[in-house]
Amino acid sequence: MTIDQLINFARSKNASDIHLTAGAPTSIRINGELKKFDGMDEEVVNRTILSMLSAEQEKRIGEGEDIDFSFTSSSGGRQRVNVYRQNGGKLAAAIRLLNEHIPSFKDISLPQAAIDLTKELKGLILVTGPTGSGKSTTLATMVDQINVTRPCHILTIEDPIEYIYKPKLATIHQREIGTDVPNFNYALRSGLRENPDVILVGEMRDYETIQLALTAAETGHLVLGTLHTTGAAHTVNRIIDVFPAEEQNQVRTQLAGNLRGVISQMLLPMANAERGRTAAFEILINTDACANNIRTEKTHQLESVMAAGGNVGMRTMNESLKRLSRDGLITKEVAMLYSPDKDELRKII
């Protein structure tokens, strides 16, 4: 089986990911669950993985590096690929199957408050959640909303590029780590000299990237980024904790003044399994009350502010789970399983 055949097979099953491992069954992820398929021996798996690599990438994997890149199959579909070695040097690959078209807000049931955040002209907007929770799709939808509504310059920094934007009202430049620029920090520093209005940072991984993103937001740019955190309050704490103790008060002040909102999300199996998964969103809008809690080291109170902030579009994860359960989109059992506070959800559901 060629890589194109494997990708087409996985897409026909509505899979989100493929896991190829030399010497082990191939797995595909459908609605969040891995399903194993036999039939490819070790030599075929090796050949299939290597067929996606350039000569330079094959050299790097031979020298012990992991490789991240995007791959376009013969059908035109795009994939995000990570190739690595494990278990004594055997080749393995994780392949994320990307949507060909950027979905609309309606397609992913993104709340109105998140749509409204795209109207901001400056500041920091964060989309957070665990791996595979749909962060990249939410960001792409938000960026494309700006693209169709505002004549501005959008600069994306991605590792690798996932969605290809077609410029509409906006002018868009997409830069890929490892191909166009060496790393996020270089791309951000350079990007500030490229006259952008909106900057998408594919992943805010470390101290310097977060520091540069905050600086960009503070100097009049709208910055959208992702973090692998769960919950809005945890996200704020994570950013602060990245910095040395002597800088944390300054960062709290920066966040209080420049954070516009945090969207935290999870993908949950739907009550009707044939329909796949649906997203649950937690929304934090940085109101005066939120900013004051961030500034005065009271981030533990952000949950209460979100619970009381429905009039400005805020909602907690438990509120989203309650709504999805009430509307029959997920079962009560799934809501309880994914709840960050099961006792509270039990009361409000």
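Is Cys 290 buried or exposed? Cys 290 is buried, at 0% relative accessibility; buried here means under 20% relative accessible area, exposed over 50% and partly exposed in between (1.4 Å probe, protein chains only). Cys 152 also counts as buried, at 7%. The disulfide count is zero, a disulfide being a pair of cysteine sulfur atoms within 2.5 Å.

The structure is a predicted model, in which local features need pLDDT of at least 70 and side-chain atom pairs count only at pLDDT 80 or more, while totals for chains, interfaces and linings use all residues. Residues are numbered from 1 along each chain as its sequence is written, and side-chain values use heavy atoms, with hydrogens and water left out.

The secondary structure comprises 15 helices and 13 strands. Both are DSSP runs numbered from the N terminus (helices H or I, at least four residues; strands E, at least two). The radius of gyration is 21 Å, close to the 20 Å that the globule rule gives for 349 residues, so the protein is as compact as a globular protein of that length. This radius is taken over C-alpha atoms, and the globule rule is 2.2 Å times the number of residues to the power 0.38. The C-alpha trace spans about 60 × 50 × 40 Å along its principal axes. Of the 349 residues, 50% are buried. Contact means heavy atoms within 4.5 Å. Among contacts between residues at least 6 apart in sequence, 57% join residues at least 24 apart.

Two strands pair if DSSP finds at least two bridges between them. Axes are lines fitted to C-alpha atoms, for helices over the stretch in contact, and angles run from 0 to 180 degrees between N-to-C directions. Eight bridges join S5 (residues 78–86) to S6 (residues 90–97) in the antiparallel sense. Arg 80 has Arg 96 as its bridge partner in S6.

A second open sheet has seven strands and mixed pairing, in the order S9-S8-S10-S11-S7-S12-S13. Its edge strands, S9 (171–176) and S13 (277–285), each pair on one side only. Neighbouring strands are turned by 15° against each other on average, direction ignored. S8 (residues 153–158) pairs with S9 in the parallel sense over six bridges. Here His 153 stands opposite Thr 171. Helix H7 (residues 184–191) lies across S8, S9 and S10 (198–201), and runs at about 165° to S8.

Strand S11 (residues 222–227) is largely enclosed by the rest of the structure, because six of its six residues are buried. Leu 222, Leu 224 and Thr 226 cover one side; Val 223, Gly 225 and Leu 227 lie on the other. S11 pairs in parallel with S7 over six bridges. Thr 128 is the bridge partner of Leu 227. Four bridges join S10 to S11, also in parallel, with Val 198 partnered by Leu 222.

Helix H10 (residues 248–258) lies across S7 (123–128) and S12 (259–269), running at about 80° to S12. Its buried residues are Gln 248, Val 251, Arg 252, Gln 254, Leu 255, Ala 256 and Asn 258. They pack against S7, H8, H9 (232–242), S12 and H11 (288–295). Leaving aside neighbours within four places in sequence, Leu 255 contacts Leu 124, Leu 214, Val 236, Ile 239, Ile 240, Asn 286 and Ile 294.

The largest nonpolar core has 67 residues. Such a core is a set of buried Ala, Val, Leu, Ile, Met, Phe, Trp, Tyr and Cys residues joined through side-chain atoms within 4.5 Å. Met 142, Leu 224, Ile 239, Leu 255, Leu 259 and Leu 284 touch the most other members. Helix H8 (residues 207–218) supplies the largest share, six residues. Another core, of 26 residues, lies apart from it and includes Ile 3, Ile 67, Val 83 and Leu 91.

Ser 325 lies in helix H13 (residues 317–326). Ser 325 is buried, with a relative accessible area of 11%. Beyond neighbours within four places in sequence, its contacts are Ile 330, Thr 331, Lys 332, Ala 335 and Ile 349.
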